[in-house]
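Subject: Structure handover

Hi,

Here is the structure I promised to pass on. Please open it next to this email; my notes follow below.

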Amino acid sequence: MDKRVEENNNSNYVSVLAVIIILLIILYISYMVYKNNKLLNNNTIEDKNISTNINDNSIPSDVDENVIAQKELVFTETEIASYSSTLYDNQESRVFNISKACSSLNGKVIKSGEEFSFNNTIGPMGEENGFKKATGFDSNGKLIQISGGGMCQVSSTLYNVALLSNLEITERHAHSRRVSYVPIDKDATIYYPTLDLKFINNTPNDLKITAENDNYSVTIRMYKIEQSN
């Protein structure tokens, strides 16, 4: 009888041990499955991040989009007026001053609604600013040698271009005596900083000035700038 009890007890121990082993195996398998799934998910997330980064790099930023948009804009320049005046006095220093003024004017853009100032564009016309003494008029119409002599031919040429462009003239002064390079009453004398030539761009477009000269003439043109896609 005792022997049978002992055999039954041994059998029960074996059964319990077998169950424990099976449970441990099941737990181990579950852990490995969980671990593999976690690794798989992490790899998937990293792949998505890589893909996203690649896509992000292929999509321009806001700044890039603005740059691209600006590159796609096309601006056209159409001449609306031009005027040439003859250099009857081609004194070397006078031509030098005229060339210096034309260089400052050339390429000048006047925004729609903006007022243009000849003096502000050219600046002081003294020898300290690179200009030379040349023939000009004093307030009594007497011919004298003054620093920046010749500037008035440039301003007068530009004045005629502004008139032909139908711009609003806000400041203009006549010479103290008749000049030969423009028609009567079509001149515009300047003397920094008191006498200026000013006009307003009263058109819906920005305007651009080009100015050039040689030893024989001064030519100034006005262009309207239009934007198209």
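Predicted model: local features only at pLDDT ≥ 70, side-chain atom pairs only at ≥ 80, totals over all residues.

Four strands form an open sheet in the order S1-S9-S8-S2, and the pairing is antiparallel. Strands S1 (74-86) and S2 (109-110) are the edges. Each has a single partner strand, so one side of each has no neighbour in the sheet. As a reminder, strands in a sheet pair through backbone hydrogen bonds, either parallel or antiparallel.

Now strand by strand. S1 runs antiparallel to S9 (residues 217-228), and twelve bridges join the two. Look for Val74, which sits opposite Ser228 in S9.

S9 also pairs with S8, again antiparallel, over eight bridges. Ala211 stands opposite Ile220 of S9. A hairpin of three residues links S8 to S9.

Ile110 has Leu207 in S8 as its bridge partner.

- H5 (residues 151-164) lies across S1, S8 and S9. It runs at about 125° to S1.

Helix H1 covers residues 2-58, and Tyr28 is in it. Is Tyr28 buried or exposed? Tyr28 is exposed, because its relative accessible area is 53% and the cut-off for exposed is over 50%. Tyr28 also belongs to a nonpolar surface patch of about 510 Å².

Finally, the overall picture. The protein has five helices and nine strands. From the N terminus, the elements run α-α-β-α-β-β-α-β-β-α-β-β-β-β. Of the 229 residues, 29% are buried. The accessible surface comes to about 14,800 Å², and carbon and sulfur atoms account for 52% of that. How many of the contacts between residues at least 6 apart in sequence join residues at least 24 apart? The share is 69%.

Then turn to H1 and find Tyr28.

Best wishes

Definitions and conventions: Residues numbered from 1 in each chain as written. Heavy atoms only, no water. Patch = residues over 30% accessible without salt bridge, like charges linked within 9 Å, V, L, I, M, F, W, Y side chains within 5 Å. Areas by Shrake-Rupley, 256 points an atom, 1.4 Å probe, with all protein chains shown as cover. Salt bridge = Lys/Arg side-chain N within 4 Å of Asp/Glu carboxyl O. Buried < 20%, exposed > 50% of the residue type's maximum accessible area, 1.4 Å probe, protein only. Pairing = 2+ DSSP bridges. Contact = heavy atoms within 4.5 Å. Axes fitted to C-alpha atoms, helices over the stretch in contact; angles between N-to-C directions.
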